[in-house]
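Hi there,

Here is the structure I promised to pass on to you. Please open it and keep it beside you while you read the rest of this message.

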Amino acid sequence: MPTTPLAIIGGTGLDQFPDIEIAARSTVETPYGAIAAPLIHARLNGHELIFLARHGENHHLPPHRINYRANLWALHAAGVRHIIAVTAVGGITPAMVPGVIALPDQIIDYTVDRAHTFFDGPPNSVEHIDFTWPYDAKLRHSLLHAAESLGLAVQPKATYGATQGPRLETAAEIRRMERDGCDIVGMTGMPEAALARELAIAYAGCSLVVNWAAGKTEAVITMDDIRQQLDSGMAKVRRLLTTAVGLV
Ligand code: HPA
């Protein structure tokens, strides 16, 4: 298999990427099991990349059932050195209005019970990666420059709180997360970011805010409202990615 240095992991609302020209698909088994969907080897805006649908092509995997280790391992084995990870999130702090794209610079991990490391004892060595800055600064700047060149307003920083799901949070959980310093909340940011770092893959997030987090408005959070934000917002995300791939 030829190696490709850039991958896009598509999340909710981006299980398929209509803008890419598909060259090949490869199904991969890894020492950690099967990946979520075939790796799609493709070109976007003249640049080679691999696309992977995090939840599967038909969105059948909930966040806590995703085999993050297999996904990351397969991308690494395919030669990937940079990942742009697209996620849909809830907005906690006032700037994180539904429709906004945020480029997170920090994470707080509230997930439980997920296979979250490759350094899990023998036969692998014991390693403690530096994770002070979980997202790659250069890759974040590429996304920021792409947004600027398109005149697309993005939030250049955000702390991503990763929750276990699949249920949404309680209002009190969101209040606690806000006190902790979280700006946005999603279910797939971890362990993906940490696994990428363990494999020395540069990783950046591109998070579309699709609803106000629990308790931030009087309204009940409905999948219909989320779907509406996904439709319009992911069109913006796709434009951003189409430009960003030329700047990585
Ligand atoms: N909470 C957690 N994950 C999410 C949300 C949310 O409000 N919206 C989209 N993904």
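Below is what turned up, starting with a cavity and moving on to a helix. Please keep in mind that this is a predicted model.

First, the empty space. Rolling a probe the size of a water molecule over the atoms shows where empty space is left. To find the spot, look for Ala85, Thr87, Tyr135, Tyr160, Gly189, Tyr203, Gly205 and Ser207, which line the cavity. Strand S7 (82–91) and strand S13 (202–212) each give at least two residues to this lining, and the largest share, three residues, belongs to S13. By type, the lining has four nonpolar residues, four polar ones and no charged ones.

Next, helix H2, residues 137–150. How far apart should its ends be? With 14 residues at 1.5 Å a residue, H2 should span 20 Å; the C-alpha atoms at its ends are 20 Å apart, so the two agree.

At the start of H2, aspartate 136 has a side-chain oxygen within 3.3 Å of the backbone nitrogen of lysine 138. Just after the helix comes glycine 151, with a positive phi of about 65°.

Which residues of H2 are buried? They are Leu139, Arg140, Ser142, Leu143, Leu144, Ala146 and Ala147. Among the elements that cover them are S7 and S13, along with strand S10 (154–155) and helix H5 (223–244).

Enjoy exploring!

Best wishes

Definitions and conventions: Residues numbered from 1 in each chain as written. Predicted model: local features only at pLDDT ≥ 70, side-chain atom pairs only at ≥ 80, totals over all residues. Heavy atoms only, no water. 1 Å grid on protein atoms, 1.4 Å probe; cavity = no way out; pocket = protein on both sides within 12 Å on 5 of 7 lines; lining within 4 Å. Helix = DSSP H or I, 4+ residues; strand = E, 2+ residues; numbered from the N terminus. Nonpolar A, V, L, I, M, F, W, Y, C, P; charged D, E, K, R; others polar. Expected span 1.5 Å × (residues − 1). Buried < 20%, exposed > 50% of the residue type's maximum accessible area, 1.4 Å probe, protein only. Contact = heavy atoms within 4.5 Å. Polar contact = N/O pair within 3.5 Å; in protein donor to acceptor, adjacent residues only side chain to side chain.
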